[in-house]
Amino acid sequence: MATAPERLETNGASEPLGIATGSPRFSWAYPGAERLSQTAYRVVVGTNKHEIAERTATIWDSGWQDGHAQAITYDGKELTTRTRYWWRVGVRIDGGEDVWAEPTWFETGPSEIQGEWISARSGRAAPFLQRTIHLESDVKAARLYIAAGGLYEALIDDQRVGEQVLDTAVTDYEERVLVETHDVTDQLSHGANELALVLGRGRYALTTENTWGWQHPPWHTERPHVLAELTVETHDGATRSIGTNEDWRVSESQTTFDSIYEGDVYDARREGSGAWSPAGRVNGPDGRLVAQELEPMRIIESKPPVAIEEPRDGVYVFDFGIVTAGWARLEVEGAAGTEVTLRYGERLDEDSTVNMEQAHVDGDFQTDRYILAGEGIETWEPRFSYKGFQYVEVHGLPEPPGVETLTARVIHSAVEDRPTSEFHASNELLTRISENSRRTFLNNFHGIPTDTPVYEKNGWTGDVLVGVEAACYHFSMDRFLGKWLDDIADAQLPDGEVPPIVPTSDWGYSHAPFGGGITSPNPAWDAAYVVVPWVLYRHTGDMRMLADHYYGMAACADYLSSYARDGILDEGLGDWLAPGHGEIRARPPEGTGVTGTAYYYRVVDLLARIADILGHDDDAEIYRDRRTSIASAFNDTFLDPDTGTYRTGETDEYRQTSNVLPLAFGLAPADHEAAVAERLAKNVMEEHDGHLDTGFHGTAYLLPVLSEAGYTDVAYTVATAETYPSWGHWIAEHDATTTYEAWELESRSRDHYAFGSIDAWFYGYLAGIHPAAPGFATVQVEPHFPSALESVDATVETVRGSISTTWEREGSSIDVRVTVPGNTTARVALPTAGTETEERPTQGKKPTEGTTVGAGTHRFRVEE
């Protein structure tokens, strides 16, 4: 019997709870490499599992659709809130009999919550809100809906609700407030049930002074707020709704202070001693309630220390062996009132204590404090702050510690819930760089893609712009970055301006009411609003992000155009943190004209393509004309055709980024491309001894540009360098486990993913796996073979299943194996080669470049 589809997902999640009621997208995959071709598909949706099992659609039936598509957007009547829907997909394989997947479900969330926004009426401590609920029968089904201004932790009878932490994700609370849905059926029982909510400040009620103004955003309040509703259906047929209101009572919790930048302070002596008072009704944030559909933040892993040192009497430093993000769980025994202090950091000072140096945050930076109750062994971990760290310095321990005293809790948005990709190379340095890149991405996924989990915790658009391709190779990013794109839409001003950090407290606008410093227009950052949806579309095939954000992207392009002069946009930050220019906010030697105009071109070029895809034909023509005029101005201004060099006039020095970006974005005239690439490769090898000389933007495209031009050996030399500036330098000198913010060893942050953009070259060029059609419906497999590399083994997890490339040198030839998932075709571009398919010789077939293969494992031999 033919294989049924697997991995059924609704909006990119398996059986999601509490999604929006718009038009969900249903998708499925054939994870194995079985040779099959789907010729038609049909999706049925209903409210009853048994009806769906019988293929009876009470809500929507797509009817049989011809084709290989493995996703379809719901196109039926409006869905009802707070409702569980069932769906399944049937397919026809190779034109044969119908095969149906097992039914699956999704559940819609509320459009509004029946309750009132509440909080404590006074006090600095985290509010502890409680209400006792009496149920007259056993529970059949129960849902808890929560929206928070800030953070929350929910408990029923002292047991946590859900596994999520630091919930809900930050937004612009004037525009959107996220609602989380919990199934609490199994936590409620007949009789009395105590429902409690503990609230943290997050970025809603933060008091810590900081550079980016999170202590006074437009929505700021003195205390965090919450809006919640518990709905319960019991077996006696009754339904109850209990919302937050002034009938709830509140006391100060044991968390006496919390700050996302400073840390938590917890006084265990206060447990059970709080004085109760009625909760206060508050106005709450102005934003509309929206379902939280990105992956929740969770405790992903617990790690013991690899070493414990005592640099000073009574001061202990725990080394966890890797740079990570999260917090430490403390286990301690001692007298009541004893205060234990935990200070977190990425590196040590010369005296072997934790380095706490920073210039952006007032107060007790990255520090937790725990005050003992004095009741035997006490175990505690923070609730409302996370830190970036490898080391934790501990003061105040009553006794010398053991490995059980501190446990690192690794925390990030759970993008690893879906299958993730893997890359390995015979040169262990490349494998290590890829692992470091992956870890750094995860360390910065906390409801938004941050720049650093230590110093800023901000969603810098430029970092996402250069990192998005690598991130999409590593993980399924549509839910996580889909939320962040909505954050950009919320932050965009009517004239199209986008701030450099998203969400923002209003910091970074050109007319920012305070501070600012880095403001728009900033094309090498602003372009993220166009590039990110495009990359997501290429990796997922989901057009909804293009359609949903089209007019916002167009407004962004118009905003940039308003600052261009004769086609040149000399604005913004330029190529950030190139070697020798590691000072924060240092202007690159080449200035900003090439970088700014190149990204301006990139925005307009992509919008021309997007307008074509969405059927905005008149817009597409306008953007094509604008693209042509920008390219003409760019080359007239910056290209020296005699030397094949792009220069800005601000320096006589050859600048790699000034020549990388025209090649990467298609700006270089066809008759000059080879000369520009040759001059670039020569600069790398002869003038920089096989090293890069690029910052965030040049680095993201340098190695792909070299490989595209036939200089893969040069790219490999750059990638494997172990002296400054290089990825290997961090590893050789610091045994680095993450990627740094700057190439210098003294880089402020050791946990920035921007230079992790190299992983796009690992997967896209060394393994050679590209989406030839959106969503990998067709795969381009074109591995590059550096002469000094023996083998590569990589798997990319896509919406259609696993795609892998393995190649290995065997004498004077290279053995290449390509595995393609079911219902997918691949164009394999290799030099003339002999081939075997699924280990069986094909009697001398000699595929040339562009050989098309279907599902299965295919073997090729390339003679060097």
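Is Asp 183 buried, partly exposed or exposed? With a relative accessible area of 41%, Asp 183 is partly exposed (buried means under 20%, exposed over 50%, and partly exposed in between, with a 1.4 Å probe and protein chains only).

## About the model

This is a predicted model, in which local features need pLDDT of at least 70, side-chain atom pairs count only at pLDDT 80 or more, and totals for chains, interfaces and linings use all residues. Residues are numbered from 1 along each chain as its sequence is written, and side-chain values use heavy atoms, leaving out hydrogens and water.

The protein chain has a mean pLDDT of 95, with 97% of its residues at 70 or more (pLDDT is the predictor's confidence in each residue, from 0 to 100). Over residues 833-848, however, pLDDT stays under 50.

## Around Asp 183

Let's return to the opening residue. Asp 183 belongs to strand β16 (residues 176-183); strands (E, at least two residues) and helices (H or I, at least four) are DSSP runs, numbered from the N terminus. Setting aside neighbours within four places in sequence, Asp 183 is in contact with Leu 17, Ala 142 and Arg 143 (contact means heavy atoms within 4.5 Å). Its C-alpha atom is separated by 58 Å from that of Glu 673, 490 residues away along the chain.

## Two helix pairs

Glu 673 takes us to helix α11 (residues 673-687), whose axis comes within 10 Å of that of helix α10 (residues 656-664), crossing at roughly 145°. Axes are lines fitted to C-alpha atoms, for helices over the stretch in contact, and angles run from 0 to 180 degrees between N-to-C directions. On the α11 side, the contact includes Glu 673, Val 676 and Leu 680, while α10 contributes Gln 656, Asn 659, Val 660 and Leu 663. By class, the contact has six nonpolar, three polar and one charged residue (Ala, Val, Leu, Ile, Met, Phe, Trp, Tyr, Cys and Pro count as nonpolar, Asp, Glu, Lys and Arg as charged, and the others, Gly among them, as polar).

Helices α7 (residues 544-563) and α8 (residues 593-614) also have axes that come within 10 Å and cross at roughly 145°. Here the contact includes Tyr 550 and Met 553 of α7 and Tyr 600 and Leu 607 of α8. It has 14 nonpolar residues, one polar and no charged ones.

## The nonpolar core

The largest nonpolar core has 170 residues, and Trp 727 and Trp 761 touch the most other members. Such a core is a set of buried Ala, Val, Leu, Ile, Met, Phe, Trp, Tyr and Cys residues joined through side-chain atoms within 4.5 Å. Helix α8 supplies its largest share, 12 residues.
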